[in-house]
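Some notes on the strand pairing and the aromatic contacts follow. Please read them alongside the coordinates.

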Amino acid sequence: MGSEADRYPRRQFFHNNNLFFTLKMLFLLIFTNLVTIFIFSSLPFSLSSSDPPHTHLFLHQETISHLLQELNSTKSKLFDSYSLIADLHHKINSTNFLVRDLVIDIIRERKLSLPVDEEADFFGIPPTTASLSDELKLAILPHKLPLGYSPRMASDEIYPPIGAACLRFQKELAQYMTYDIGGECPMDDVFAQKLLLKGCEPLPRRRCHPKSPIGYVEPTPFPDSLWATPPDTSIIWDPYTCKSYQCLIDRKNFPGTVDCKDCFDLQGREKRRWLYDRGLDYGLDQVLQTKPAGTIRIGLDIGGGSGTFAARMRERNITIITSSMNLDGPFNSFIASRGLIPIHISVSQRLPFFESTLDIVHSMHILSNWIPDAMLDFALYDIYRVLRPGGLFWLDHFFCQGPQLNQTYAPMFDRIGFTKLRWTVGKKVDRGVDKNEWYLSALLEKPMT
């Protein structure tokens, strides 16, 4: 606990300034009065050469008497001001104590309303770090810079990046950071991914080694790797229901709902994607023809499954980074085995690119009405941010209910500011016409200015 001046420096500064200004004005008033008395008492009045001397004396004494009366009046006002200032100071102190007690009561009430294991301040930061393990403290707490204060950072310490939501799940975070330093990491890929999907992104770094697959062999050389199924020994299968790539290929033949159910079968529907331009399905070459040849060079595929969009673009000398989650399948490992670049982030994370750097952003299915409207709005603005002027946003099979299309999503795209190059709407009928489900495919452009 600090002093009142420490807790309320701005209010104390304002109060001190007012007191200093009042005293300064009173001092100037008294000083000018004294100077006036001195002048009138030292120099005789010369009203007129014809006035008798006793008239000079009478006027001189009358002036002095008047000045003394003003001086006494000024002293009285000064004493009244001191009294008023003291009264105001007392009221300010009383108000400060009252505000402090109210803030303490509010914080206490907030803490009582939270579960014990989730007690946090207004920013989600634990009120104490005593319960954190040493490894977790090293991973999330600040570290002093070896060379001291850095003007570039405007600080003498650095915080490791960690998602704010991580601190909402302290037990899970402690479990994630429990391991033998320098040893083998726990097989907790599914557990870690659930933390990511709950907003604990990025996770803190760990000082352990992931388990290596047994019998690992070199990947298939490029460009054959783009359409080759990698050997089963290329990954660890422990986190997944299927224990081989053949199992992943065959699961399209079995009932059940699985994300990207057939996208590991590179000789099936994946082989035909984006080759033809019809209806909701835009052809890759037709999209590229909307821009001058060679100006689409780098981009991002959001939620790109097994990386086939990036593979098709790579065949056209275009580099695409594919974001994907490992939802009961080794999507990131599979993308990498094809000689493509995966990035393991969720759709809620800010895109890790500087503004106006990408030529194209593509997303199929992942951006849909399952995302809360506010979060989708942020995501679309982030896509707009990373696209260069004239860059393309290819929205591929955006899913929504009929009323949502014109009431919510079309106005949202217009508000963000994309230019519509293509806009195709089609009804989704695989679950029945009565469902009133719709797809939207659109080719949008970021304006040049």
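1. Strand 7 and strand 9 (residues 437-445) run antiparallel and are joined by eight bridges; strands count as paired if DSSP finds at least two bridges between them. Gln401 stands opposite Glu437 in strand 9. Helices (H or I, at least four residues) and strands (E, at least two) are DSSP runs, numbered from the N terminus.

2. This is a predicted model: local features need pLDDT of at least 70, side-chain atom pairs count only at pLDDT 80 or more, and totals for chains, interfaces and linings use all residues. Residues are numbered from 1 along each chain as its sequence is written, and side-chain values use heavy atoms, with hydrogens and water left out.

3. Strand 6 (residues 358-364) pairs with strand 7 in the parallel sense over six bridges, with His362 opposite Trp394.

4. Of the 15 residues of strand 7 (residues 387-401), 13 are buried, so the strand is largely enclosed by the rest of the structure. Buried means under 20% relative accessible area, exposed over 50%, and partly exposed in between (1.4 Å probe, protein chains only).

5. The whole structure holds 15 aromatic pairs (Phe, Tyr and Trp rings, the six-membered one for Trp, with centres within 6.5 Å; planes under 30 degrees apart are stacked, over 60 edge-to-face, the rest tilted). Tyr245 and Phe264 have ring centres 6.4 Å apart and planes at 45°, so this pair is tilted. Tyr245 is buried at 2% relative accessibility, and Phe264 is buried at 1%.
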